[in-house]
Amino acid sequence: MNVDFHVSARRKLYEMLQSGSLLVIFSGEEIRKTNDEYYPFFADRNFVYLTGLECKQAILLAIKDSENTVFERLYLLPPDAHAERWTGKRIRPQEAESISGIKDVRYINSFEMDLHTFATSGNFGMLYLDLYRCSPKDLDRPVHHLLKNIQCEYPYLQIGNANDFIRSLRTIKQPCEIEALREAEKITREGILAMMRVSRSGMYEYQYKAEFDRALGQFGPKGPGFPSIISAGANNFCIHYYEYTGRAHDGDMILNDVGAQYQNMITDVSRGWPCNGHFSERQKLLYECALATSNYMFSIVRPGMKMEDVDATIRRYNYERLKDVGVLKSFDEIDTYMWHGGAHHIGYDVHDVVKRPEIIAPNMVFCIDVGIYHEEWGIGFRLEDNCLVTTDGCENLSAAIPRTVEDIEAIMNKR
């Protein structure tokens, strides 16, 4: 993403704020893992979306006055020779300005006093914060600590949740975001092909993961966009499986739910294949049901369709295919074989934190995910592709990643 993208995203957000308001967005902080070790820092996605910056303990402050003029400031950690000797150079104001387009860049130690000055000026009645929580049990983040302080020190300030506005902006992808997704799809393809080409009976799941990681490592240091799900045989019946300790036995299906990232845009692609490179009769039967369902969805998704109908149609159409081949008799049985939903948005998050739309519109990007889990037969897999809604239909962004029985077997049997 270039600086214009982030400037435009902020401008659209500022237009949604009421006059006489303040906005504070945090980049996040390191979380301690043990003793002197921290988990790898992962910047808040909304902060990255708005600024392009991935530095820790940074803050975006925007001031919208009564005349709707907006002033913005960025606060960074100051230079610290000792700390930088251990953990690397901190971003400097000039560099942060070139990435974000924010010209007023200050150090973090002045934020508290600046906010106090604005909060007590009498010119502002609203403070917008990004108060998103995935679960009420989530740890408090810097924004939640600030909220408690605001409620105590400045109770006259109304609190607005900026997350609602940012979600709506992230729902529709801009051209540069879509191009970044296209690049991420190419990288994802290389990773999946690498696994297919070496697949064999006796391989451990961690060996498949090593091949995927090696392939992605040729395109940059960030690696996968989310923890890879790679499993074999019975482990395929754990939907979010991260152990990588199982071993593929002859006739097992390999399930992988993986994705690369490019310029912070993340893909989410699933493919299933027999570890020996040859689909059995039952594997092929179930896989063809999933493929037919996926192809059907890509033929009907278009602007104006209800978002809730995507999941519902996947389930209904796949049920008909499974019924036709004798796997089940009634729609009441579908939950035995389909365990999860089939459509979530992707982007800055693999399950993108967007405002889930009622009606599909152009430039939305979400998954078409068809999972079939037949425990009695020992066959579990999913076929997941990334759907870009166009002006009159949709495009499968991950179509170049082998997805038919014939294409998968052809790749695997060239070894």
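Phe237 counts as buried, because its relative accessibility is 18% and the term covers anything under 20% relative accessible area, with exposed meaning over 50% and partly exposed the range in between (1.4 Å probe, protein chains only). The structure is a predicted model in which local features need pLDDT of at least 70 and side-chain atom pairs count only at pLDDT 80 or more, while totals for chains, interfaces and linings use all residues. Residues are numbered from 1 along each chain as its sequence is written, and side-chain values use heavy atoms, with hydrogens and water left out.

Aromatic rings were paired when the centres of Phe, Tyr or Trp rings (for Trp, the six-membered ring) lie within 6.5 Å, planes under 30 degrees apart being called stacked, those over 60 edge-to-face and the rest tilted. By this rule the count comes to 14 aromatic pairs. Tyr154 and Tyr156 make up an edge-to-face pair, with 6.4 Å from centre to centre and 70 degrees between the planes. Tyr154 is buried because its relative accessible area is 9%, whereas Tyr156, with 47%, is partly exposed. Phe237 and Trp339 form a tilted pair, with centres 6.0 Å apart and planes at 50 degrees. Phe237 belongs to the loop between β9 (229-232) and β10 (253-258) and Trp339 to the loop between α11 (308-324) and β14 (365-374), so this pair ties together parts that are 102 residues apart in sequence; helices (H or I, at least four residues) and strands (E, at least two) are DSSP runs numbered from the N terminus. Trp339 counts as partly exposed, at 28% relative accessibility. An aromatic cluster is formed by Phe5, Tyr49 and Tyr348.

Charged side chains were examined next. A salt bridge was assigned where a side-chain nitrogen of Lys or Arg lies within 4 Å of a carboxyl oxygen of Asp or Glu, and by this rule the count comes to 29 salt bridges. Lys56 forms one with Glu30, the closest N and O atoms being 3.1 Å apart. Because Lys56 lies in the loop between α2 and β4 and Glu30 in the loop between β1 and β2 (32-34), the pair ties together parts that are 26 residues apart in sequence. Lys56 is partly exposed, with a relative accessible area of 22%, and Glu30 counts as partly exposed at 28%. In the salt bridge of Arg133 with Asp140, the N to O distance is 2.3 Å; Arg133 is partly exposed at 28%, and Asp140 is partly exposed at 29%. Lys103 and Glu97 meet in a salt bridge at 3.9 Å, N to O, where Lys103 is exposed at 67% relative accessible area and Glu97 is partly exposed at 29%. Arg73, Asp104, Arg106 and Asp114 are linked in a network of salt bridges.

Lys64, in strand β4 (residues 59-64), is buried yet has no salt bridge, and the nearest side chain of opposite charge, that of Glu15, is 8.0 Å away; in this assignment Lys and Arg count as positive and Asp and Glu as negative, while His and the chain ends are not counted. With neighbours within four places in sequence set aside, the residues in contact with Lys64 include Tyr14, Glu15, Leu17, Gln18 and Phe124, contact meaning heavy atoms within 4.5 Å.

Helix α7 (residues 162-171) has as its buried residues Ala162, Asn163, Ile166, Leu169, Arg170 and Thr171. Among the elements covering these buried residues are α1 (3-16), β1 (21-26), α2 (45-51), β7 (126-129) and β8 (158-161). The N-terminal end of α7 is capped by Asn161, a side-chain oxygen of which lies 3.0 Å from the backbone nitrogen of Asn163; a polar contact is a pair of N or O atoms within 3.5 Å, where within protein one must be able to donate a hydrogen and the other to accept it, and residues adjacent in sequence count only if both atoms are side-chain atoms.

The structure holds zero disulfides, a disulfide being a pair of cysteine sulfur atoms within 2.5 Å. Cys152 counts as exposed at 57% relative accessibility, whereas Cys289, at 4%, counts as buried.

Positive phi values occur in Asn35, near 45 degrees in a residue other than glycine, and in Gln263, about 50 degrees although it is not a glycine. Asn35 is found in the loop between β2 and β3 (37-38) and is exposed, with a relative accessible area of 65%. Gln263 occupies the loop between β11 (261-262) and β12 (265-266) and is partly exposed at 41%.
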